[in-house]
Amino acid sequence: MLIRKKKIPVRELITVGILPSGLKKFIYRLKGYNIGKNVSLGFGSVIIGKDVTIQDNTSIGHMTVIRGRSIHIGRFVKIGSMTFIDTEKIFIDDDARINEQVIIGGIKNPDSYIKIGKRAIIMEYSFLNPTKPLIIGDDTGIGGHCLLFTHGSWLSQLDGYPVAFAPITLGKNVWLPWRVFIMPGVEIGDNVVIGANSLINKSLPANCLAAGTPAKVIKENFPERLPEEKRTSIIYGILDNFVEHLSHNDYNVEKTEIEKGVHLTIRNHETVHHLTYLTESCENGAISGTDNLYVIDYSENSEAGSLENGCKMKVNLRNKKRIGSSQVGEEFVTYISRYGVRFDRLD
């Protein structure tokens, strides 16, 4: 054999992998890796590459292997334990998440590449094959046990059997529930929902609902825009559920109706936190304290907004942007992601 196939990196696992996170990062920096602040590398995890960048506040779980010629992992990325990523080029953008026991790999070509967009998620036990480029757009979710293959071959093409090598592209805001199979060459447009247990062997347009084996479009112009009254009702329902979530976890929550919104005072025996939801700009809605959050549901003059009145964190439900950080804010954005609401970072 001219080219030796790389298998499980046993030497790296038993030498560098067993080291504590701080020492591991020191060794990787000596090798020329660009490792940011507050990066956590779990026990047994190893990163093997020639051009490696891991940005701030990213965590990689135990016994995870990431191997490629070029590896770029953005900010606030979370990669679970016992995950295996092995392809030529790897790009994972900010706030993306890969859960436990995901496998990304397969036959390698010079153009083998995986790109995972901002806030995208790949859930447990999925297998992704990036022999040809595999692109996953921002805010796209891949459920557990999903299979994405950019190549399909076994029987001889010279005998007339089909062989396929072709990229897969998933647009923004695509949702693949559990056990979806995607074949080589498929392109899925933005804002598409696939039914569980579906087989996708042909490309799908944007803004549709598709399901079946093979999948067919069953609804176009999807989803329908919500009336403002219905949308506001949903938001208040989410806030009520958030209060129940906090109360269940031993916080005392006082809810106060204010002009153009609602204010939550959140206490336990040690701390006080504040959350204010506003449907319009309102000076009387100002909150104070060392840990607070504005939840804004109106368009601001500036896309970035600002942190005024001592506010520590703000999220805008209209443009899906966030700025700043606070304990109650991080808890809220994690909770509201259950409802598919995610925010782009402005800082």
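**View 1. Leucine 176 and its contacts.** Leaving aside neighbours within four places in sequence, leucine 176 touches Gly141, Ile142, Gly143, Cys146, Leu148, Leu170, Ile182 and Ile194. Contact here means heavy atoms within 4.5 Å. The model is predicted: local features need pLDDT of at least 70, side-chain atom pairs count only at pLDDT 80 or more, and totals for chains, interfaces and linings use all residues. Residues are numbered from 1 along each chain as its sequence is written, and side-chain values use heavy atoms, leaving out hydrogens and water.

**View 2. Two nonpolar cores.** A nonpolar core is a set of buried Ala, Val, Leu, Ile, Met, Phe, Trp, Tyr and Cys residues joined through side-chain atoms within 4.5 Å. Buried means under 20% relative accessible area, exposed over 50%, and partly exposed in between (1.4 Å probe, protein chains only). The largest core has 50 residues. Ile47, Ile92, Leu148, Leu176 and Ile182 have the most contacts inside it. Apart from it lies another core of 24 residues, among them Phe242, Leu246, Leu293 and Met313.

**View 3. Two cis peptide bonds.** One joins threonine 213 and proline 214, with omega about -5 degrees. Proline 214 sits in the loop between β27 (208-212) and β28 (215-220). Strands (E, at least two residues) and helices (H or I, at least four) are DSSP runs, numbered from the N terminus. The bond from phenylalanine 222 to proline 223 is also cis, with omega near -5 degrees. Proline 223 is in the loop between β28 and α3 (228-248).

**View 4. Lysine 260, a positive phi.** Lysine 260 is not a glycine, yet its phi is near 65 degrees. This lysine lies in the loop between β29 (252-258) and β30 (261-267). Lysine 260 counts as partly exposed because its relative accessibility is 35%.
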